[in-house]
Amino acid sequence: MTPTDTASTRGAVPARPRHTAAGRRTRERIVKTAAELIYRKGVAGTSIPDVQQAARVSASQIYHYFRDKTELVRAVIAYQVEQTIESQQPHLDRLDSFQALRAWCDAVVTAQERHDCAGGCAIGSLASELVETCEPLRGDLARAFDRWETPIRAGLGRMRQEGTLVAEADIDQLASALLAAVQGGLLLSQVRRSSQPLRAAIEAAIGHVESFAA
């Protein structure tokens with residue numbers, strides 16, 4: 001199936017999702033299962049029947065919550081960015097010094113090493129597969145990266161407000177540079193099966209931030 005497959009291809013009629021506790025749990029199970037399958041097999045390699053079987057739900061249950069595969073993938077994007085931020089939240093909440101930036105760097109590298117540098121970034125993988133092939137989801141991917149960049153930007157803003165960074169420091173640009181370093185570093189580390197490129201990329205980005213030290 002492609003991201004444009006709809007319930008009509010399965011003979012099911014989309015219905016408005018229920019907001020009961022049981023309904024929320026079912027929807028969450030579908031999204032989590034789809035996220036795990038897509039992480040391993042990609043969007044193109046994951047079909048609605050695959051999700052149905054792995055989540056142990058019926059096709060009508062899936063189409064009760066999602067009109068088509070595109071809507072399901074949209075939910076997966078949102079799920080993956082929240083998972084990413086949640087795993088880094090303790091460090092992102094404390095981004096108020098150069099030491100804290102390096103602690104975040106260490107946490108990102110350690111997480112990658114824990115998986116032997118395999119798998120890469122779930123959000124980055126989704127972006128690589130979808131950004132040029134599924135225009136309806138490009139905005140969701142952009143918002144996902146913006147969501148990830150927000151706490152980085154907030155931390156740098158605190159550093160500028162507290163006088164750690166000069167007043168002229170462009171917080172938006174620095175936050176984008178840090179996130180770009182993480183993304184590029186994760187990809188190269190995945191290819192080389194080594195955390196060294198990731199650490200080098202983030203260290204270089206932090207060095208750039210340090211050039212704006214007050």
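Predicted model: local features only at pLDDT ≥ 70, side-chain atom pairs only at ≥ 80, totals over all residues.
Five residues of domain 1 and seven residues of domain 2 make up the contact.

Let us turn to the interface itself. The size of an interface is often given as the accessible area lost when the parts come together. Here domain 1 and domain 2 bury about 380 Å² between them, and 63% of that area is on carbon and sulfur atoms. If you look at the domain 1 side, Ile38, Tyr39 and Val43 are the residues that lose the most area to domain 2, and together they supply 88% of what that side buries.

What kinds of interactions cross this interface? The rule finds zero salt bridges between domain 1 and domain 2, whereas four residue pairs are in polar contact across the interface, both residues at pLDDT 80 or more. By class, the side of domain 1 that touches domain 2 holds four nonpolar residues and one polar residue, with no charged residues.

Finally, let us visit Ser47. You will find Ser47 in the loop between α1 (21-41) and α2 (48-55). Is Ser47 buried or exposed? Ser47 counts as buried because its relative accessibility is 16%, and the cut-off for buried is under 20%.

Technical notes. Residues numbered from 1 in each chain as written. Heavy atoms only, no water. Contact = heavy atoms within 4.5 Å. Buried area = accessible area lost by both parts, 1.4 Å probe. Salt bridge = Lys/Arg side-chain N within 4 Å of Asp/Glu carboxyl O. Polar contact = N/O pair within 3.5 Å; in protein donor to acceptor, adjacent residues only side chain to side chain. Nonpolar A, V, L, I, M, F, W, Y, C, P; charged D, E, K, R; others polar. Helix = DSSP H or I, 4+ residues; strand = E, 2+ residues; numbered from the N terminus. Buried < 20%, exposed > 50% of the residue type's maximum accessible area, 1.4 Å probe, protein only.
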